[in-house]
Amino acid sequence: MRTGTIPRVLGTAAALAALLTTALAAPAVAERSTTPGRAPAEAAAPASFTHPGVLVSRPQLDFVRGRVQAGAQPWKSAYDQMMGSKYASLTRTAKPRAVVECGSYSNPNNGCTDEREDAIAAYTLSLAWYITQDSRYAQKAIQIMDAWSAVIKDHTNSNAPLQTGWAGSSWPRAAEIIKYTYSSWPGSGRFGTMLRNVYLPEVTNGSHSNGNWELSMTEAAIGIAVFLEDRAAYDKAVGKFRGRVPAYIYVTADGSLPKVAPGSGLDTRAKVINYWQGQSTFMDGLSQETCRDLTHTGYGLSAISHIAETSRIQGQDLYPEIAARLRHAMGLHAKHQLGTPVPSSLCGGSLKDSLGPVTEVGFNALANRLGYAMTNTQTLTERQRPAGSNNLFVAWETLTHANNPA
């Protein structure tokens, strides 16, 4: 987790003024900051929110429950993996604290791992509750969420925005399942207040650090907006998404340079190339972080998939807007992770690390629902099953999204 300067995003009027100034100074690059099609500010929130509706819906959960009960694969092995993990333990003790302090690479780590893993545990336990209908899992999830909502006040130090984005992505998934499928959660109002006052202000204005930061923060923002039924926060998150995805994944239709996110200040070719880790040759599916490493790229692709999946559940499917970019990105990185030699024109002929357990959601949406051919992504996805957790904000996606038609 690399830190960087995280300037606050400008308000609407100021941002527009900044963009106009940039355009006059360097039109060849600044013109590329606009996203084709819908403007980022366009309303996207549903008139009525669907619950549970963050990453997983009730029909999706019902499909999973039926597959597990039938002992069908790969869902049964994925379920067994989840239930055997530390996150499903009924003896887990939450470790909340008032201030979570996370520096670069989580150093110092004052509550960072505890918060992320308690949030994943709450989500894991909520899935276990729905599949088993054993109330002990729901009660344990509630216990963890109530423990944190009673204590936490702030996130501090350089990694605070990213930490808040990671934990803030998992909390609403758990909260949605428990609030809308379990009989009683008296503390749900206080939990919502925690999300509104502690998490949302930290993530809603985005980031101009590496793109996975803003994407994870936006995932948290849209999930929180669904739980709070906050249409303005939802619309703002979708605006961030529409500005960031074209600036994170390149396609040849973009021209000689990648697009830039609104307000980024990347107004020269040299600045853009530097931001893209020094890569000056662009190809379909290249990510802004590809030449950094595949792991951070995986964080960004995962968050993109999660946001689009939540939007689909909420009735305005964002997948068609970003399908070409996400399909090419997943395919390019999967191809090389599977062993295809890396050309010298790509990151000097060498890629680091691996994507992690992040392909199930996007692959199911693009290949199974929308019908795109994705041979490399399919091979990698099936090879990695059952996909577990990255212990940050990704968990059990073979269980929840493998071949899920709902």
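Of the 406 residues in the protein, 58% are buried, where buried means under 20% relative accessible area, exposed over 50% and partly exposed in between, using a 1.4 Å probe and protein chains only. This is a predicted model, in which local features need pLDDT of at least 70 and side-chain atom pairs count only at pLDDT 80 or more, while totals for chains, interfaces and linings use all residues. Residues are numbered from 1 along each chain as its sequence is written, and side-chain values use heavy atoms, with hydrogens and water left out.

**Overall make-up**

- The protein has 16 helices and five strands; these are DSSP runs numbered from the N terminus, with helices (H or I) of at least four residues and strands (E) of at least two.
- Among contacts between residues at least 6 apart in sequence, 79% join residues at least 24 apart, a contact being heavy atoms within 4.5 Å.

**Helices H6 and H8**

- Two packed helices are described by the angle between their axes and the distance between the axes.
- Helix H6 (residues 135–149) and helix H8 (residues 188–203) have axes that come within 9 Å and cross at roughly 50°; axes are lines fitted to C-alpha atoms, for helices over the stretch in contact, and angles run from 0 to 180 degrees between N-to-C directions.
- That angle makes H6 oblique to H8, since angles under 35 degrees count as roughly parallel, over 145 as roughly antiparallel, 65 to 115 as roughly perpendicular and the rest as oblique.
- The crossing of H6 and H8 is left-handed, the term for a near helix turned anticlockwise from the far one by less than a right angle, with right-handed used if clockwise.
- On the H6 side the contact is made by Met145, Asp146, Trp148 and Ser149, and on the H8 side by Arg190, Phe191 and Met194.
- The residues of this contact of H6 with H8 divide into four nonpolar, one polar and two charged; Ala, Val, Leu, Ile, Met, Phe, Trp, Tyr, Cys and Pro count as nonpolar, Asp, Glu, Lys and Arg as charged, and the others, Gly among them, as polar.

**Helices H3 and H5**

- Helix H3 (residues 58–69) packs with H5 at an angle of about 65°, their axes 9 Å apart.
- H3 and H5 are therefore roughly perpendicular to each other.
- Their crossing, that of H3 and H5, is right-handed.
- From H3, the residues Arg58, Leu61, Asp62, Val64, Arg65, Val68 and Gln69 meet Leu127, Tyr130 and Ile131 in H5.
- By class, six residues in the contact of H3 with H5 are nonpolar, one is polar and three are charged.

**Aromatic rings**

- The structure holds 14 aromatic pairs; rings of Phe, Tyr and Trp (its six-membered ring) pair if their centres lie within 6.5 Å, and planes under 30 degrees apart count as stacked, over 60 as edge-to-face and the rest as tilted.
- In one of them, the rings of Trp148 and Trp171 have centres 6.2 Å apart and planes at 55°, so the pair is tilted.
- This pair links distant parts of the chain, with Trp148 in helix H6 and Trp171 in helix H7 (residues 160–181), 23 residues apart.
- Trp148 is buried at 0% relative accessibility, and Trp171 is buried with a relative accessible area of 0%.
- The rings of Trp185 and Phe191 have centres 5.4 Å apart and planes at 50°, so this pair is tilted.
- Trp185 is buried with a relative accessible area of 7%, and Phe191 counts as buried at 0%.
- Ring pairs join Trp148, Trp171, Trp185, Phe191 and Phe227 into a cluster.

**Ser126**

- Ser126 lies in helix H5 (residues 112–132) and is buried, with a relative accessible area of 0%.
- The C-alpha atoms of Ser126 and Ala138 are separated by 5.7 Å, and the two residues are 12 apart along the chain.
- Leaving out residues up to four places away in sequence, Ser126 touches Ala141, Arg173, Ala174, Ile177 and Ile178.

**Val56**

- Val56 lies in strand S2 (residues 56–57) and counts as buried at 1% relative accessibility.
- Leaving out residues up to four places away in sequence, Val56 touches Leu61, Tyr123, Ile177, Ile313, Thr400 and His401.
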